Amino acid sequence: TEVAAITDSSGTFSDITLTPKRLCAVLDISKLFLIQDSAGAEQLLYNNIQNAVARKLESTILGKTTKTTYAPGGMSFAITTGVPVAVVTPTRATVVAQETAIGTANVQAKNLAYITNSTGRGILKNIIDGPSGVGRFLLENNQMNGYPVYVTNAAPADCGAGSSGSLLVFGNWADLCIGQWGGYDITVDPYTVANKGEVRLVINAYFDAKGLRGSAASGSGYDDYITSFSAKAIKA
């Protein structure tokens with residue numbers, strides 16, 4: 001009431017622990033390549049290293065990697081039981097069910113979007129949303145049901161039952177936290193492959209990734225993501 005004492009709501013808080021996990025690569029570069037255009041060659045190599053690291057992070061986070069001391073856990077389709085779900089043909093009902101699952105978990109936020117791979121995009125663009133020959137397609141103008149659809153081939157194409165079905169995941173991507181410790185540690189080794197006229201680059205970087213609203217479940221290796229994301233395996 002207007003002048004009643006405030007009642008303590010006894011709020012509770014949890015925490016998410018990120019720990020550095022090593023992502024590394026070894027790259028042998030010919031000296032002939034380096035002396036053609038040192039500035040341009042160096043930038044090209046650096047861009048390739050960045051792209052390779054990004055692809056590895058994508059394939060780890062979106063894939064079927066079981067979280068360990070040395071690797072972040074992937075989303076996959078085993079996120080609750082460790083058993084892949086049945087592969088489905090997407091319809092308006094199946095995609096709305098994914099959105100509803102996120103809504104009922106109170107995860108509605110500004111960064112909602114779908115992610116799939118190139119095969120999944122092709123499937124969605126060929127599914128008619130409505131009576132045959134009348135409705136529009138599920139995926140049009142890189143959007144589905146009003147939400148953006150992003151495509152990366154790091155999203156697996158073998159994550160449903162029977163190792164088939166392309167990833168289609170919907171969720172609040174603001175709840176995916178990727179931690180990075182420092183930049184890229186690049187060691188230039190001019191000796192190991194010098195007899196071949198090459199220079200060896202050894203790249204080390206440290207990352208971890210978790211969902212900020214993970215599940216209280218344990219044991220599957222995928223639980224970090226199940227509150228904020230809803231995933232399906234789709235086929236044509």
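This is a predicted model: local features need pLDDT of at least 70, side-chain atom pairs count only at pLDDT 80 or more; totals for chains, interfaces and linings use all residues.
A residue is counted as buried when its relative accessible area is under 20%. Across the chain of 236 residues, 36% count as buried.

The secondary structure of the chain consists of 4 helices and 12 strands. Among contacts between residues at least 6 apart in sequence, 73% link residues at least 24 apart. The chain exposes about 13,300 Å², and carbon and sulfur atoms account for 53% of this area.

Strand β11 pairs with β1 (residues 21-30) in the antiparallel sense, over 10 bridges. Within this pairing, I203 of β11 stands opposite A25. Strand β11 also pairs with β10 in the antiparallel sense, here over 11 bridges, and K210 of β11 stands opposite C177.

Strand β10 spans residues 176-189 and includes D189. This residue is buried but has no salt bridge. Polar partners of the D189 side chain are found elsewhere. A polar contact of 2.3 Å joins this side chain to that of T192, and a polar atom of the D189 side chain lies 3.0 Å from the backbone nitrogen of Y191. When neighbours within four places in sequence are left aside, D189 is in contact with V199 and R200.

Methods. Residues are numbered from 1 along each chain as its sequence is written. Side-chain values use heavy atoms; hydrogens and water are left out. Helices (H or I, at least four residues) and strands (E, at least two) are DSSP runs, numbered from the N terminus. Buried means under 20% relative accessible area, exposed over 50%, partly exposed in between (1.4 Å probe, protein chains only). Lys and Arg count as positive and Asp and Glu as negative; His and the chain ends are not counted. A salt bridge is a side-chain nitrogen of Lys or Arg within 4 Å of a carboxyl oxygen of Asp or Glu. A polar contact is a pair of N or O atoms within 3.5 Å; within protein, one must be able to donate a hydrogen and the other to accept it, and residues adjacent in sequence count only if both atoms are side-chain atoms. Contact means heavy atoms within 4.5 Å. Accessible areas come from the Shrake-Rupley method with a 1.4 Å probe; for residues, only the protein chains shown count as cover. Two strands pair if DSSP finds at least two bridges between them.
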